[in-house]
Every structure is written in structure tokens, then in C-alpha cells.
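Hi there,

Here is the structure I promised to pass on. Have a look at it first, and then read my notes below.

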Amino acid sequence: VVLSVNAPTNIDPTYLALCLWMALSVIALQFVYRATGPKPVNWLSIDIVALLPMLIIHFTIPYYLIFDMLPYEERLIFASARGGDTKGVVCFATMMSVSALAAFAIGFNLLPDRFALMKPSARTDTNYWKRWRVMGIRTIIVAAISGVILLAILGPESLEGRYSGSDTGHQGLNYLLMGSNMVFLAGLALVSTSTFVLYRSIFRLGPIFIVVAIYIAAFLIHGDRDMPFTSAAVVGLAYAEHKKRLSFRFFVLAIIMGSLTYSIFGIARNSPERTAKSMVREIVNSKDQLTWDRTLNMLGTQVRILYAAVNYVPKEHDFFYGKMKAPAVIGAIPWGNRILFTHLWLRYEGVHEKDSATFLTWVFIEYAGDFGAGTTNVADIYIDFGYTGVIFCLFCFGALTKFVQQKARSSGAMVWNSAYCFMLPMAATSARATIISGTLRSVGWPTFVVLFLGVMFSINRRSASSRPVVNAYPPKALPPSGSAAAAR
């Protein structure tokens with residue numbers, strides 16, 4: 001914060017090198033903290049998964065500037081439609097990104113690592129986990145059937161609206177599709193967690209895995225990458241938490257394979273026919289695009305939105321002081337924003353101020369329609385609360401993720417373990433998204449589904465444990481396999 005006060009108003013490679021050194025120091029200290037923490041070490045942890053994308057998105061362009069190897073024309077990075085040239089705020093924005101990294105790390109590390117694993121006593125209540133597993137299987141089947149039907153009715157335009165804000169003309173059906181996705185993820189978390197707690201074998205997922213694969217394939221064919229990525233993250237975290245810790249070697253391998261797969265899907269969805277054959281052909285024809293620098297550049301250029309935001313606010317427009325976060329909170333409720341804009345006191349100067357993503361797109365390219373230029377978590381918070389708000393919000397976000405992690409392990413409750421599964425993919429994508437909206441939609445909704453199912457069907461430890469369990473044979477006195485008792 002002190003260094004940002006007198007940040008250079010031009011691109012200063014020395015100052016940017018200092019920022020990059022500080023950012024890498026934060027990441028390195030977090031890796032040391034993870035390696036020296038409670039054993040066994042699980043490298044698939046929210047802190048690492050959240051910090052690495054923040055580093056890539058906010059410091060790739062400064063890295064290129066330090067070594068004078070920017071692979072783009074300067075106007076593509078430092079030109080803003082509403083604020084003009086943004087070179088004067090690059091140093092300030094980069095140092096603010098350092099503060100964001102440090103704030104998240106401090107918030108996460110503030111709460112102690114009391115539990116490295118789920119308490120052993122929580123695993124012994126097999127009836128509890130079995131009831132959740134059955135509920136998860138039924139939930140996945142219902143959600144998959146309804147989701148595939150809705151996706152067939154709405155078509156790929158329903159998924160494009162996630163990024164561009166386009167409207168298929170079936171708003172009610174769109175909300176139902178979003179609801180089906182939330183229910184599906186809730187069921188997936190239930191099945192994955194309970195299966196790995198009970199059996200500790202991925203093969204015990206059984207035939208339900210086929211249903212999951214079909215549902216994910218339906219979204220892939222329509223060009224969506226979020227559902228497959230989120231599903232894989234949910235299953236992966238449940239596996240690493242309850243079956244086998246992810247070693248550092250496999251963590252690096254998972255990052256490499258995940259990035260490559262994500263890029264492949266990004267190329268495949270450019271196919272206009274959206275068939276398996278045409279998508280494979282698109283990948284083969286564009287295989288030269290599967291390079292590390294292209295993937296890094298694609299993520300790193302997102303920081304230009306932060307430059308545009310810092311250059312425009314508060315010089316040309318005052319901070320919004322939470323006004324941009326109201327749609328994120330109300331929008332977590334279906335039709336909430338329509339009520340907010342139509343019937344309540346909150347009024348905006350124009351359509352470009354309806355939310356932070358639309359406003360930042362308008363600032364960057366002076367356009368507020370069916371296309372979004374994206375955002376970063378630092379830019380999203382900055383336009384509302386400034387530098388201090390960035391530090392405070394990222395600190396709270398880090399503390400929240402740690403709290404959910406420790407609560408899941410200490411309580412052994414399905415609701416908290418499901419919330420932890422949902423928190424991981426949200427943290428991984430938070431660097432290029434809005435934290436409040438992402439938390440409410442990606443974590444709040446599916447967690448509420450799990451909570452609702454538990455209350456509706458009375459799935460809790462007391463009711464599960466109260467069911468009589470007859471075991472006439474102690475563990476060391478099992479009946480012979482050919483006896484009548486064994487047959488029973």
C-alpha cells in the first residue's frame with residue numbers, strides 16, 4: 001500500500017519487477033506454508049488453486065513489460081474507449097494486485113490448520129453416508145434428465161448467454177436449466193463424497209458415472225466448458241479429501257493436463273456444426289494454437305480490464321460504493337434483478353451501469369449489449385470500494401475459504417463437505433470473475449439444495465444412527481462363505 005502511493009505514472013520496468021518479485025514471494029511463502037503444514041499434505045487446496053490464476057491473470061503482462069517482449073500491439077492492451085490510454089495506471093494497478101494476493105493469503109492463513117483430514121469419528125456412521133449416497137444418485141438422475149431435455153429445447157444459445165448476456169426468449173426455461181445444473185452438482189457432490197468416505201474407490205461410483213458422462217457430454221457438444229470443469233473439480237476434491245492426498249507431482253501434472261484440456265475444449269467449441277466429428281476436425285486443424293504462451297496470453301490479457309477500470313474510476317466516475325454489488329446479491333434469486341430495477345428505489349444512469357461486468361465492458365470498448373469483455377476480481381471490487389475495498393474483500397474471501405475447509409473436516413457433515421467441493425472450482429475461476437456473484441451462484445445455490453434435501457428427507461446423523469443395524473457377527477467371527485448365515 002505504501003509503495004502504491006507514489007507509483008510511477010508511466011511503465012517503469014524496475015517498479016514492475018519489484019511488484020512481480022513481491023507477488024512471487026507471496027506465492028512461494030504459501031507453497032512453503034502448505035508443504036510444512038499438517039500431514040498428510042494435500043496440494044489440491046483452495047489457497048493454491050485461487051492464488052495461481054490470480055498470478056497468471058494480473059502479472060503476465062507486467063512480466064512481458066519488464067523484459068520488453070509484449071506479444072501484442074500496445075493499443076490492444078493499453079487503449080480504453082472511455083478513459084483513453086491506460087499506461088499511466090499500470091504500475092498502480094499491478095501493486096494493487098500484489099496487495100490482493102497478500103490479502104487473500106493472510107486471510108486464509110489467519111485461521112489455524114486444526115484439521116488436515118476429516119475426523120475419523122465422522123466416517124464410522126455408515127448409515128449416514130449411505131443415505132446421502134442414495135439421495136445423490138436419485139438427484140443426479142432427475143437433474144440429468146431434466147437438464148438434457150431443457151438443453152435440447154433451448155439449444156446452445158442458452159449457454160452463450162452466460163458470457164454474452166444474450167436472451168433466447170425463454171427466460172423461465174433458462175432459469176430451470178440453471179436450476180438443473182445446480183441440482184446436478186449437488187447430487188454429484190453427494191455421490192462423490194459419500195462414495196469415497198465409504199469405499200475409498202473411484203470404481204464404486206458405479207453406473208451413475210455413465211449418467212454423469214452423458215450429461216457433461218451434452219454440454220461439451222453445445223460448447224460449454226464450465227460444467228465439465230466444475231464437475232471434474234468437485235469429484236477431484238472429494239477424491240483428494242477422502243481417498244488419497246494429491247501429491248505435488250500429481251498436482252503439477254493435473255494443472256498441465258487441465259490447462260491443455262481446457263484449451264482443447266475452447267478450440268473444439270468453435271466448430272459451427274457442434275458434432276463430435278466436426279469438433280475433432282476443428283482441433284486437428286487448429287493444433288498449432290495449443291501452445292503454452294497462447295494459453296497464458298489468453299488469460300493474461302484479461303488484466304487490461306483492470307487497467308481500464310483504474311484509469312476511469314474515480315477520475316471520470318466516482319466509486320459505486322456497493323451499488324454494483326446489489327445486482328449480484330439480488331441476482332442470486334430468480335427474477336431478482338427484474339424486481340430490483342423495476343419496482344425498488346435503486347435506479348441507474350444507463351444500461352451500462354446494471355452490473356460491474358457490463359460497466360467495465362462499456363468503459364473498455366464503449367459497448368453495453370450482448371457481448372462482455374470480462375472482468376477480474378480486483379477490478380470488480382475496485383470500482384465499488386477502491387484500493388481499501390480490494391484488500392478487505394480479498395482478505396474476507398481468503399478467511400471464508402479456510403473456514404469452509406476446516407468446518408467440513410471438523411464437523412464431518414455433508415452440507416459443509418459439499419460446500420467445500422463447490423468452493424474449489426469457484427476459487428479457481430474467481431480471478432476472472434466476480435467474487436460475490438460467484439460465491440452466491442456457484443456455492444450458495446448448490447449448498448442450499450443439499451441443505452434442503454437433508455431437511456426434507458431428515459438425513460442427519462441422529463436419524464441415520466437411530467436406524468437399527470443388526471450385526472450378529474463381530475468382525476473377527478464372520479460366518480463361512482458357504483453357510484446359510486452367509487447366504488442370508
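This is a predicted model: local features need pLDDT of at least 70, side-chain atom pairs count only at pLDDT 80 or more; totals for chains, interfaces and linings use all residues.

Is it buried, exposed or partly exposed? Its relative accessibility is 43%, so Glu-366 counts as partly exposed. Now find Ser-80: it sits 286 residues away from Glu-366 along the chain, yet the C-alpha atoms of the two are separated by 8.4 Å. If you skip the neighbours within four places in sequence, Glu-366 is in contact with Ala-81, Arg-82 and Thr-361.

Now for the whole chain. I count 23 helices and two strands in it. The protein chain has 488 residues, and 47% of them count as buried. Take the contacts between residues at least 6 apart in sequence: 78% of these join residues at least 24 apart. As for the surface, the chain exposes about 23,000 Å², with carbon and sulfur atoms supplying 66% of that area.

Next, the inside. The largest nonpolar core has 124 residues, and those touching the most other members are Ile-61, Trp-132, Phe-184, Tyr-307, Phe-359, Ile-383 and Leu-394. Which helix gives the most to this core? That's α3 (residues 46-66), with 13 residues. Click on Leu-394 and you can trace its contacts: beyond its neighbours within four places in sequence, they are Met-54, Ala-100, Ala-103, Phe-104, Asn-377, Ile-381 and Ile-435.

- Thr-434 is in the loop between α20 (414-429) and α21 (435-456). With a relative accessible area of 18%, under the 20% cut-off, Thr-434 is buried. Leaving out neighbours within four places in sequence, Thr-434 is in contact with Ser-356, Thr-375 and Asp-380.
- Pro-314 lies in the loop between α15 (303-312) and α16 (326-330). The peptide bond joining Val-313 and Pro-314 is cis, with omega at about 5°.
- Asp-68 is in the loop between α3 and α4 (74-78). Asp-68 is not a glycine, but it has a positive phi of about 55°. At 72% relative accessibility, Asp-68 counts as exposed.
- Ser-458 is in the loop between α21 and α22 (461-466). Ser-458 has a positive phi of about 55° too, although it is not a glycine. Its relative accessible area is 39%, so Ser-458 is partly exposed.

That's everything I have for now. Happy exploring!

Note on methods:
Residues are numbered from 1 along each chain as its sequence is written. Side-chain values use heavy atoms; hydrogens and water are left out. Helices (H or I, at least four residues) and strands (E, at least two) are DSSP runs, numbered from the N terminus. Buried means under 20% relative accessible area, exposed over 50%, partly exposed in between (1.4 Å probe, protein chains only). Contact means heavy atoms within 4.5 Å. Accessible areas come from the Shrake-Rupley method with a 1.4 Å probe; for residues, only the protein chains shown count as cover. A nonpolar core is a set of buried Ala, Val, Leu, Ile, Met, Phe, Trp, Tyr and Cys residues joined through side-chain atoms within 4.5 Å.
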